[in-house]
Amino acid sequence: MLVQREIVDEMIRAGRRLANKGRCSLMYEWHGKKYWGAAYGLAGIMHVLMDIELKPDEVEDFKGTLRYMIKNCFPGGNYPSSEGSESDRLVQWCHGAPGITLTLVKAAQVFGNEEFLQAAVDAGEVVWKRGLLKRVGICHGISGKTYIFLALYQLTGKVEYLYRAKAFACFLLDRAQKLISEGKMHGGDRPLFSIRRYQWNGLSLSRYD
């Protein structure tokens, strides 16, 4: 646990250093960009660190960073892929509302904050309206969106989110192979992985039947 805490301390220090003199409490950089998303940026790092017991000042940094992100989302509710980006195009687990929804859900659970719960619900609406992409994968495609709705269902207990998760999964099961064969949908770089994604979605949803 001591080694784990040392790693967390260094990650917090690094986030504070890069955010120094900025408007956000924490910031991280990868390949020269200050990403926000779950794969390379703020959302993913904070999601992992919220599994650790945070110190009071760290909790405030996390809350401040999340509030900064919420305040600076696009008018339609989606989130920038990186600091300063004006492109409201990506609605993926790695970039945009989907991955950030999962972090907001985690924040609502950890901090018990109504503000983060509402922000998670709002971001989830973006996923429902814009998340049916022409890809099957977890990172860039439809498979990853089912997890957003399952997380919202677990957080709120509202059956509509379970319905939405099943709707996205059923779309894949019913139509993906045909759309891929017709060239209307991207099947992923590894066909076997696509099969696994269908299985993962089915296993994830079967526990709620």
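## A cysteine in a loop

Cys-139 is located in the loop between α5 and α6. The model in which this position is described is a predicted one. With a relative accessible area of 23%, Cys-139 is partly exposed, because the partly exposed class begins where the buried class, under 20%, ends. When residues up to four places away in sequence are not counted, Cys-139 touches Gln-92, Trp-93 and Cys-94.

Is Cys-94 buried or exposed? Cys-94 has a relative accessible area of 1% and is therefore buried. Not counting residues up to four places away in sequence, Cys-94 touches Gly-37, Ala-38, Ala-39, Cys-139 and His-140.

## The recorded binding site

Which residues does UniProt mark with the feature "binding site"? An unreviewed UniProt entry places this feature at Cys-94, Cys-139 and His-140. These residues are spread over 47 residues of sequence, yet they cluster in space. The largest C-alpha distance among them is 7.0 Å.

A disulfide is a covalent bond between the sulfur atoms of two cysteines. How many disulfides does a search of the whole structure find? The search finds 0 disulfides. A further cysteine, Cys-73, counts as partly exposed, because its relative accessibility is 25%.

## Overall architecture

The protein contains 8 helices and 0 strands. Read from the N terminus, its elements follow the order α-α-α-α-α-α-α-α.

Of its 209 residues, 48% count as buried. Among the contacts with a separation of 6 or more, 59% are accounted for by residues 24 or more positions apart. The accessible surface comes to about 11200 Å², and 53% of this surface belongs to carbon and sulfur atoms.

## The nonpolar core

The largest nonpolar core has 52 residues, and within it Phe-62 and Phe-111 touch the most other members. The helices that each supply at least two residues of this core are α1 (2–19), α2 (42–49), α3 (56–71), α4 (97–111), α5 (114–130), α6 (142–156) and α7 (159–181). Which helix gives the largest share of the core? The largest share comes from α4, with 8 residues.

The surroundings of Phe-62 can be listed individually. Leaving aside neighbours within four places in sequence, Phe-62 is in contact with Ile-12, Leu-26, Met-46, Leu-49, Met-50, Leu-54 and Phe-111.

## Buried residues in loops

Asn-78 is situated in the loop between α3 and α4. Its relative accessible area is 0%, so Asn-78 is buried. The side chains of Asn-78 and Asp-88 are joined by a polar contact of 2.9 Å. Not counting residues up to four places away in sequence, Asn-78 touches Cys-73, Asp-88, Leu-90, Val-91, Gly-96, Ala-97, Val-126 and Arg-130.

Gly-37 is placed in the loop between α1 and α2. Gly-37 counts as buried because its relative accessibility is 1%. Apart from neighbours within four places in sequence, Gly-37 is in contact with Leu-42, Ala-43, Gly-44, Ser-81 and Cys-94. Gly-37 and Thr-101 are 64 residues apart in sequence, while the distance in space, C-alpha to C-alpha, is 9.9 Å.

## Exposed residues

His-31 also has its place in the loop between α1 and α2. Is His-31 buried or exposed? With a relative accessibility of 69%, His-31 counts as exposed, because the exposed class lies over 50%. His-31 has a positive phi of about 55°, although it is not a glycine.

Lys-71 lies in helix α3. Its relative accessibility is 72%, so Lys-71 counts as exposed. Lys-71 and Ala-119 are 48 residues apart in sequence and 10.0 Å apart in space, C-alpha to C-alpha.

Technical notes. Residues numbered from 1 in each chain as written. Predicted model: local features only at pLDDT ≥ 70, side-chain atom pairs only at ≥ 80, totals over all residues. Heavy atoms only, no water. Core = buried A, V, L, I, M, F, W, Y, C linked by side-chain atoms within 4.5 Å. Buried < 20%, exposed > 50% of the residue type's maximum accessible area, 1.4 Å probe, protein only. Helix = DSSP H or I, 4+ residues; strand = E, 2+ residues; numbered from the N terminus. Contact = heavy atoms within 4.5 Å. UniProt positions renumbered as here; feature names shortened; annotations may be inferred. Disulfide = S-S within 2.5 Å. Areas by Shrake-Rupley, 256 points an atom, 1.4 Å probe, with all protein chains shown as cover. Polar contact = N/O pair within 3.5 Å; in protein donor to acceptor, adjacent residues only side chain to side chain.
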